[in-house]
Amino acid sequence: MCGFTACIGSLEATKNSLSTIKYRGLPGHTSFYSEDNIHIGHVRLPIVDLTSSGDQPALINSKNKKPLNIGFLVGEVFNFKEFSSANTDTKAVLEVFLNEGLKGFHKFDGFWSFITIHENKLLACTDYLSQKPIYYRTDIKAIASEPKALLSYGETNFDETFFSNVRKWGYDPTGRTPWEQIKQLPAGHAWFDGNIFPYWDWGQIKTLGIKEDIIEATKNRLLGDRPVACLLSGGLDSSIVFKLCRQLGVTIQSYHIENEESHFAYSIDPNTKCLPLGGLPYTEAINYHQSPVDLGSVHPQAILAKAIAMEGFNVCLTGDGADELFGGYSRNAKYDSQGSDTFIEIPYYHAPRLDRLMMKYTVELRTPFLAPKVIKGAKELGYYQRMNKEPLKKAFADILPKEIIDREKKALKTLKVKKGGLKLINTNIDIFKKLYS
C-alpha cells in the first residue's frame with residue numbers, strides 16, 4: 001500500500017514529485033509533513049482502517065525536546081497486534097523504532113519502507129528483500145518509492161552502464177536504475193541523511209517449520225478490511241496459497257490469466273475467473289515498469305494488475321517467491337542458485353517489477369512465501385533437500401491433487417512477446433528511451 005517521496009529542500013518539489021505517483025493511493029488520502037527543511041509527501045491506500053483516522057503520518061508524543069515523533073509507512077506489517085496495542089501498523093512501527101531502533105524490526109512479518117525524522121535528519125529503511133523499494137538521488141538528498149518520482153527533483157541523464165548490464169544479464173543486479181542520478185537502496189538497508197548502512201540480520205529470525213511458517217504467513221496476509229483476491233496459475237505455489245485460504249475459512253476470488261493450461265487452475269478452483277491476455281499495449285507495460293527490463297512477465301503482470309483493479313480488488317495474494325527459495329527453476333538441476341535467485345534477482349528485478357506494475361493500478365500484492373520465517377527456513381535446507389520444491393510437495397500433499405504436485409512448471413509470458421534475447425532487450429531499451437527522453 002501507499003507511496004512516499006521526501007527531500008531536503010523544497011516543499012513545492014516534493015508536491016510535484018508525489019503527484020507523479022498519486023495512483024499508489026486513493027483520492028482524499030494524501031498528506032504532507034514539513035520540519036525545518038525536511039519535506040515528506042505520502043499517499044495512502046487504506047486497507048486496515050478505511051477511514052481517514054488511519055492516514056499518515058503517525059504521531060506519538062515525544063519524550064525528548066520535540067513535541068511529536070512522526071513516521072510514515074509504505075506496505076504492511078501484518079502481525080503488528082502481536083507486539084503493540086496501537087490501532088495501525090504505522091504507529092506500531094514508530095513505537096518499535098523509538099523504543100528499540102531498527103533492530104526491533106526483526107519481529108515484523110510483512111513488507112515495508114519506513115520514513116521518519118531522527119535527530120533532525122531524514123531516515124528511511126526498506127525491508128529485507130526490498131518488496132517495498134526505496135530509491136534515492138546521488139546528487140541531492142531525496143528519496144522516493146519509485147524512480148519516476150525522483151525525476152521531479154532535477155535534471156538526470158541515462159545510465160549507459162545500467163543498459164549494458166541489462167543486455168548482459170537481462171536485468172541490473174547492482175542497484176543502478178536507468179538514470180545515473182537515481183539508485184535503489186539495497187534490501188535490508190537504511191538511508192540516513194544520505195548515508196547508507198545495513199540493519200537486517202537473518203540470524204535474528206526464528207522459524208517454526210516450513211509448513212507451519214507458510215500457513216502462518218498466509219493467515220497474516222489476509223489482514224485488512226478489503227476483500228482479497230488470489231492469482232491462480234494452476235501451478236504448485238499459487239495452488240498452495242489458494243487452498244490454504246480456503247482451509248482457513250476465507251472466501252477468496254481467484255484469477256487466472258490464459259496460459260494454455262487453464263484446466264489446472266480450474267481443478268483447484270472451478271470458480272476461478274480466466275482473464276484474456278490482451279487489452280494493454282506492450283509499450284505501456286514498459287512505461288509502468290519504468291525500466292526496459294522484461295524477462296517475459298512484465299506485460300502479463302501489467303495486464304493482470306489492470307484486470308484485478310477493474311474487478312474491484314485492491315489486495316491480492318500470489319505464490320511468488322517459491323521458485324527462488326525451493327529450487328523451482330530448471331537451472332537448479334545444474335547448480336544451487338538459491339542465493340542469487342533470492343537475494344539478487346528478487347530485490348533487483350521481481351520485487352520492483354511487482355511493486356510498480358501492481359501499484360500503478362493501486363493493487364497491493366502479498367506474497368506468503370516471502371515472509372521472513374519462510375525465507376529463513378528455506379535458507380536452512382540443504383541443496384538436495386529443496387530441489388524441485390520437494391519440501392512444498394511433501395508439506396501440502398494432503399490438500400493438493402496429484403496432478404498439481406506432479407505438473408511441470410510453465411513460465412508466465414505473453415503470446416506475442418516471449419523471452420527473446422538481445423534483440424528484444426535492445427528493442428525495449430529503444431522504447432524506454434523514447435518514453436523518458
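**Strand pairing and helix packing**

Mentor: Strand 2 (residues 30–35) pairs with strand 3 in the antiparallel sense, over six bridges. Keep in mind that this is a predicted model.

Trainee: Thanks! Which residue of strand 3 does Thr30 stand opposite?
Mentor: Thr30 stands opposite Val43.

Trainee: What about strand 1, how many bridges does it make with strand 3?
Mentor: Strand 1 (residues 3–8) pairs with strand 3 over six bridges, in the antiparallel sense. Within that pairing, Thr5 has Gly41 as its bridge partner.

Trainee: Is strand 3 mostly covered or uncovered, then?
Mentor: Mostly covered: six of the six residues in strand 3 (residues 38–43) are buried.

Trainee: Which way do they point?
Mentor: Ile38, Ile40 and His42 point one way, while His39, Gly41 and Val43 point the other way. Side chains in a regular strand alternate between the two faces of the sheet.

Trainee: Switching to helices: at what angle do helix 9 and helix 11 pack?
Mentor: Helix 9 (residues 298–310) and helix 11 (residues 338–359) pack at about 35°, with their axes 9 Å apart. Their crossing is right-handed.

Trainee: Which residues meet there?
Mentor: From helix 9, Val298, Gln301, Ala302 and Ala305 meet Tyr349, Arg353, Leu354, Leu357 and Met358 of helix 11. By class, that contact has seven nonpolar residues, one polar and one charged.

How values were computed. Residues numbered from 1 in each chain as written. Predicted model: local features only at pLDDT ≥ 70, side-chain atom pairs only at ≥ 80, totals over all residues. Heavy atoms only, no water. Buried < 20%, exposed > 50% of the residue type's maximum accessible area, 1.4 Å probe, protein only. Helix = DSSP H or I, 4+ residues; strand = E, 2+ residues; numbered from the N terminus. Pairing = 2+ DSSP bridges. Axes fitted to C-alpha atoms, helices over the stretch in contact; angles between N-to-C directions. Left-handed = near helix turned anticlockwise from the far one by under 90°. Contact = heavy atoms within 4.5 Å. Nonpolar A, V, L, I, M, F, W, Y, C, P; charged D, E, K, R; others polar.
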